[in-house]
Amino acid sequence: METAGNRPGGRQQAAGSMSSKVQSKGLKAKDQPAPAPESLPPPEANAEAIHFLDSLSYLTWNLETVEQHSQEFVKFHILPMEQKTSLLRQGDQLAMTRSIREGEEVRNEVTFFPWHSTAGFISQAANLLLLRVMAWRQMVPSNARFLALDMEGKFCYSTYKALGSQTIQVDRQQADAFIVEQTVHSVEGIPFSCQFYLLSDGHLAKRVQVGSPGCCIITKMPVLREEDEIEPRPVFEKKPLAWEEDIELHSRFLERKEELRLSHTRYLQQHPDGEAIVSDFLLFLLLRQPEDVVTFAAEFFGPFSLRRPPTPSLRSSAPQSPFRSLDPRTKRETHQARALRLGPGRDPEALLSLLRF
């Protein structure tokens, strides 16, 4: 740990995983003893705590602290006390700024923690959310060990324990409360424990500090939130679309049909060669009378496609069609059937020339 300040103790350096700056000012600034070098590794959250945070499917941030501001004070006329703590993520670090006032003395501290060492860290704000989740589930993760900040602003372990349920009185009403005890195990001081009395929806109704005669309790019963009921998704059956009977759809069909007809007519007017190609196709169609008109048309108009690969200079007289297989027996049978349909003594080429004129 690296410590620097303007106090009479001077400046000391020691190896560690975090850095801090301490400044004291005021009329009665007290000398701080130089901290001894720490040889213990920094605390880390265990696997049970990380698994519990990962199970919070409806909270995608895993309760990671990005920014938090808190203030605690005790109003004594002789020695007023106030403590302000701010947590702010700065890149790959978590910066903690503490301002502690005791009477006329004010001490400021700035500590930086590596972000990778904050896995499983539960701040004061995140602690309230975590307690609410435990109340909803009526369950506390067993043997889970999280990270928290002790009274000195250092990382330490934090554990939770379920103490069962108890009926408490709030605003002249009886309510069942789920009790969870949190213990912050300070590295240097004694453990600090608090008991939280949580209502069924997670509202904090009572807070008791173990060893203290006082407690905090709400004076007005809140409106309890009931568990949301997830309705099943509606199922819509697929119905046949009778567009011919629908006036609007049928009107759109006729409009689109007319648009396509005009578009095709305009295209043929702008390309006179297209009409000649279509005329040739119809002549060949009447002469050959193929059984599969679609495949015949694909073979006829295929060479005119721009996507067709270029034709080699030397090619077979009977190239294989990409649309069907050329079996010699099938080709011979098709030719004989075509000759029978044309009738005896009729030449297909001669008939084609007659149809051209």
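Tutor: Start with Glu227, which sits in the loop between β13 (215-217) and α3 (247-270). Helices (H or I, at least four residues) and strands (E, at least two) are DSSP runs, numbered from the N terminus. This is a predicted model, where local features need pLDDT of at least 70 and side-chain atom pairs count only at pLDDT 80 or more, while totals for chains, interfaces and linings use all residues. Residues are numbered from 1 along each chain as its sequence is written, and side-chain values use heavy atoms, with hydrogens and water left out.

Student: Is Glu227 buried or exposed?
Tutor: Glu227 counts as exposed because its relative accessibility is 73%. Buried means under 20% relative accessible area, exposed over 50%, and partly exposed in between (1.4 Å probe, protein chains only).

Student: New topic. How many salt bridges does the structure hold?
Tutor: Eight. A salt bridge here is a side-chain nitrogen of Lys or Arg within 4 Å of a carboxyl oxygen of Asp or Glu.

Student: Which residue does Arg98 form a salt bridge with?
Tutor: Glu109, with the closest N and O atoms 3.4 Å apart. Arg98 is in strand β6 (residues 93-102) and Glu109 in strand β7 (residues 105-114), so the pair ties together parts eleven residues apart in sequence. Both Arg98 and Glu109 are buried.

Student: And Glu188, what is its partner?
Tutor: Lys154, the closest N and O atoms being 2.8 Å apart. Glu188 lies in the loop between β10 and β11, and Lys154 in the loop between β8 (146-149) and β9, so this pair ties together parts 34 residues apart in sequence. Glu188 is exposed, with a relative accessible area of 58%.

Student: How do β9 and β10 run, parallel or antiparallel?
Tutor: Antiparallel, with twelve bridges joining β9 (residues 155-170) to β10 (residues 173-185). Two strands pair if DSSP finds at least two bridges between them. Lys161 stands opposite Glu181 in β10.

Student: What about a salt bridge for Glu181?
Tutor: Glu181 forms one with Lys161, the closest N and O atoms being 3.7 Å apart. Glu181 is in strand β10 and Lys161 in strand β9, so the pair ties together parts 20 residues apart in sequence. Glu181 counts as buried at 13% relative accessibility, whereas Lys161 is partly exposed at 46%.

Student: What stands opposite Glu181 in β11?
Tutor: Gln195. Strand β11 (residues 192-198) is joined to β10 by seven bridges, and the two run antiparallel. They form a hairpin with six residues between them.
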